[in-house]
Amino acid sequence: MIENRSYLVRGGPGSGKTTLGLHFLTAANQDEPVLFIGFQEPEAQIEANATSVGLDVTNVNFLSLIPDEHFFTDQQGYDIFSSGDVEQEPLVDAIVQAVNELAPKRVFVDSLTQLRFLSADAYQYRKQVMSFLRFLTQRGATVLFSSESSQDMPDDDLQFMADGVLNFDTGQAGSIVRVTKFRGSGFVQGRHHMRLGTAGMQVFPRLVPPLTRTPNDEDKLWGSGSLSIDAILHGGFEAGTISMITGPAGVGKSTLAAQFAAAAARKGAASALFLFEEDATIFLRRTQSLGLGLHQAVREGTVAIEPVEPMRYLADEFTSEVLQQVTQRGVELVILDSVAGFGLTLGGEEIEERLHTFAKTLARMGVTVILVNETQAVTGQEFQATEKGFSYLSDNLLFLRYMESAGEMKKALGVLKKRLSGFDTALHTYDIGEGGLIVHEPIEGLHSVLSGMPSQDLG
């Protein structure tokens, strides 16, 4: 926030407005006086709430302007003056006295909506609020104030008066914060997930892909460790690209992705696998039985395997975790297993935009990304690489497919596209065994393999 300006935080009950106000005040330097002006909760209750989320309010000065119990027991009617005229003057006196005595550098007002009830009409209310905010800012304070908007009592007037507006709301995937105004500075638009808990308020900024790509070794290739697969890919996946491994359940997608991580580890490069669907212990045991050597790579720190329970994560929270791995561990290869699991963190929000942002951000940072995508159809007449329209996102698209041949279920592998190089256009059958996917010679003499029910070429 810019000094000596006023900012509005708006949202429904329990959305986190007061928590943000406390964060704002407790973030001040110890030699900066701060003031909490409250119209809704007693000081003791606010302090207890702050303590419960780990905020130390020792240096916060509280001015509680809520009525005490005597207001009810000793209430008298006003025959000549309105209640607002009688009650407003002592409130103003109390605020002026506190501000003059403390000269606060930060002020949080919770909430300005209460002043509306003490004003004769909307015009008078707007004048009072503008005068109040100018009184605070001209005395050197940066002001954060809250409001409670409803259909019957909107707060559009407060939004016009504020230098910045933060909106708290609840989306399909959890609590969100959205900035709609911020004079004198740019801001990241869109909805950003946030979490309210024992650590107070945690905001996870939404990713915005960089406009330019971070320079990397353009000649670097990420191989699978299989000579046959790497030959099909003409060496492997290029550094800083997005690759998708797609196919139905049980066809070997995760195994192939693990091969790329194991091959990277043998070269000393750091990679991270994020598992949404498979337990990490089971994944390691399975890859160990195939002799991929991930146990050793995990112990040495070249491979990090992170199990992700999607229903416990927010989408922006997960992407923040991935970026932390990239920046702190120097991760060069990120594997997301799977796209469907990532979609669950969105709680019903559209996945295309979020997946695009996630993958493009990493790729432009020079990170190589492998996305594991599961298709529902095991076999069928109409072949689809992806069923959600994600194929445009990938620079490289490798598909695994079941096929029936002579009454037996077999597996076939092929490459649909590779933007930066050529590739083997033939289809290959494969088995899963020691070392991962064991690829055989190209399929010859068959057609309609992609339908899952190939037939013999005639003639």
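Predicted model: local features only at pLDDT ≥ 70, side-chain atom pairs only at ≥ 80, totals over all residues.

Modeller: Residues are numbered from 1 along each chain as its sequence is written, and side-chain values use heavy atoms, leaving out hydrogens and water.

Colleague: How many helices and strands does the protein have?

Modeller: Helices (H or I, at least four residues) and strands (E, at least two) are DSSP runs, numbered from the N terminus. The protein has 14 helices and 22 strands.

Colleague: What percentage of the residues is buried?

Modeller: Buried means under 20% relative accessible area, exposed over 50%, and partly exposed in between, with a 1.4 Å probe and protein chains only. Of the 459 residues in the protein, 48% are buried. As for contacts, meaning heavy atoms within 4.5 Å, residues 24 or more positions apart account for 69% of those with a separation of 6 or more.

Colleague: How is the length of a helix such as H14 checked?

Modeller: The expected span is 1.5 Å times one less than the number of residues. Helix H14 (residues 351-364) has 14 residues and should therefore span 20 Å, in agreement with the 20 Å between its end C-alpha atoms.

Colleague: Is H14 largely enclosed or largely open?

Modeller: H14 is largely enclosed by the rest of the structure, because 10 of its 14 residues are buried. Among these buried residues are Arg354, Phe358, Lys360 and Leu362. Their cover includes strand E8 (192-197), strand E12 (242-247), helix H12 (315-329) and strand E16 (368-374). After H14 comes Gly366, with a positive phi near 90 degrees.

Colleague: How do H12 and H14 pack?

Modeller: Axes are lines fitted to C-alpha atoms, for helices over the stretch in contact, and angles run from 0 to 180 degrees between N-to-C directions. Angles under 35 degrees count as roughly parallel, over 145 as roughly antiparallel, 65 to 115 as roughly perpendicular and the rest as oblique. The axes of H12 and H14 lie 12 Å apart at an angle of about 10 degrees, which makes H12 roughly parallel to H14.

Colleague: Which residues of H14 meet H12?

Modeller: An α-helix has 3.6 residues a turn, so residues three or four places apart point the same way. Here Arg354, Phe358 and Leu362 of H14 meet residues of H12 including Ala315, Phe318, Val322 and Val326. Ala315, Phe318, Val322 and Val326 are also among the buried residues of H12. H12 is followed by Gly330, whose phi is positive, near 70 degrees.

Colleague: At what angle do H9 and H10 cross?

Modeller: The axes of helix H9 (residues 253-266) and helix H10 (residues 280-289) cross at roughly 75 degrees and come within 11 Å. These two helices are therefore roughly perpendicular to each other. Ser254, Thr255 and Ala258 in H9 meet Phe283, Arg286 and Thr287 in H10.

Colleague: Where is Arg106 found?

Modeller: Arg106 is found in strand E4 (residues 106-110). With 21% relative accessibility, Arg106 counts as partly exposed. Pro33 lies 73 residues from Arg106 in sequence, yet their C-alpha atoms are 7.1 Å apart. Other residues touched by Arg106 include Phe24, Leu35 and Thr142.
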